[in-house]
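I opened my notebook to record what I looked up in this structure, entry by entry.

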Amino acid sequence: MNSGNRNYKLEALSWVDKLSNEILYISEYLYRNPELGSEEYKAYSLLTQTLAKHGFKIEGELLGMKTAFKASFTGLSGKPKIAFLAEYDALPGVGHGCGHNVIAATAVGAAIAISKIIPEINGEIMVIGTPAEEGNGPYAGSKIIMVEKGVFKDIDAVLMMHPTAGRYAATRTEALAVQSFKVVFRGRTAHAAANPEMGINALNAVMIMFRGIDALRQHIRRDARIHGIIVKGGEASNVIPDYAEARISIRAADIDYLNILKEKVFNCIRGAAIMTEAKYEVEEVGPLYREKRIYHKLADIVDKNLEENGFKVMPMEEYLRRGPVASTDFGNVTQVVPAISASIPITDQNIPGHSREFAEATMTEEGKRRTILSTKVLVGSAMDLLLDKNLLEEVKREFRGD
């Protein structure tokens, strides 16, 4: 990590402390100005202007998405390319209950810190702004759009952090693949009391479908999930409903089992239609979120930097006990490039994600302190990859399956 008498990693880490007020300002500004996915105009302006001020080249409105961007800063050469991902959308009625204000602040802060020393070394550091991770609006799952359009094609490794709560930081947490569907049943109206025998009840079809899914849950793998809601079930209690609509999401730890499970759920839909004589339509809603691949070589690098900054790393038996959790468009990124999202606790308290309490935790003194430490974890991990060609090659070999 040294060149002559210089320790470039240590120099980059020291820049995090110099930039700490700017990093925390970003986090607090986003906290106080939460915006839904595809509508993150204030966040987009702040992040791109901050990076431009520090000399980054900005590609705004990336791929036509008005709140997406790519910022880059090149050193002595353009290789290797290391990218930090920033998320900055909030949750309706909650604000930054998923801590995306911290994700954006740490990504931008880490990139700026490295930009102060990268003119002396080989490599390129990037921030890619990825809107609508929570799934709102036309840019929902923006990382999937970026994967499909080749944004990650020439990048050597991708790093990001996600704030969490509890005792441990985690680098090997799996995420489930997920596909969502709109299910519509169409029947025939009739007077619910005078001549119900002449109606075809679309709501009954939805309810039977859900009963079938409930029975199916007993016979699926522990990594799988099926959940849904009834969007519409009729207009009046004395009218047999001729239209009913539901939304269903199917999750699994791998795409092959998700497809198997999808066919089983479709059988529940078909069965409900047969039993009620209703017609049915199924439409995919949104993109397919892929499962997250785990790169252990990359995780080892981040684990070391977590420990160097005072975080406790989750032991392997805890990963096995917990199993996969949730889904994210970051999973699609891991399919095309060595990538890792480190879950880093901003509090030891057991606070649920997607809550106002979690958003508030990002603004506590401890939350701010750990935001800075998390930035150092990103900086240290990226510097290890930039400065050690053998280490980066090990990561790439694992990605290739060599």
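I then searched for disulfides, meaning pairs of cysteine sulfur atoms within 2.5 Å, and the structure holds zero of them.

Before going on, I noted that this is a predicted model, in which local features need pLDDT of at least 70 and side-chain atom pairs count only at pLDDT 80 or more, while totals for chains, interfaces and linings use all residues. I also noted that residues are numbered from 1 along each chain as its sequence is written, and that side-chain values use heavy atoms, with hydrogens and water left out.

Next I turned to strand 7, residues 157-165, where eight of the nine residues are buried; strands (E, at least two residues) and helices (H or I, at least four) are DSSP runs numbered from the N terminus. Strand 7 pairs with strand 5 (residues 81-86) in the parallel sense over three bridges, pairing being called when DSSP finds at least two bridges between two strands. Here Ile82 stands opposite Ala157. Strand 7 also runs parallel to strand 12 (residues 339-347), joined by eight bridges, and Leu159 has Ile340 as its bridge partner there.

Last, I located Asn309 in the loop between helix 8 (296-308) and helix 9 (316-322). Asn309 counts as buried at 16% relative accessibility. Leaving aside neighbours within four places in sequence, Asn309 is in contact (heavy atoms within 4.5 Å) with Leu373, Lys376 and Val377.

Note on methods
Buried < 20%, exposed > 50% of the residue type's maximum accessible area, 1.4 Å probe, protein only.
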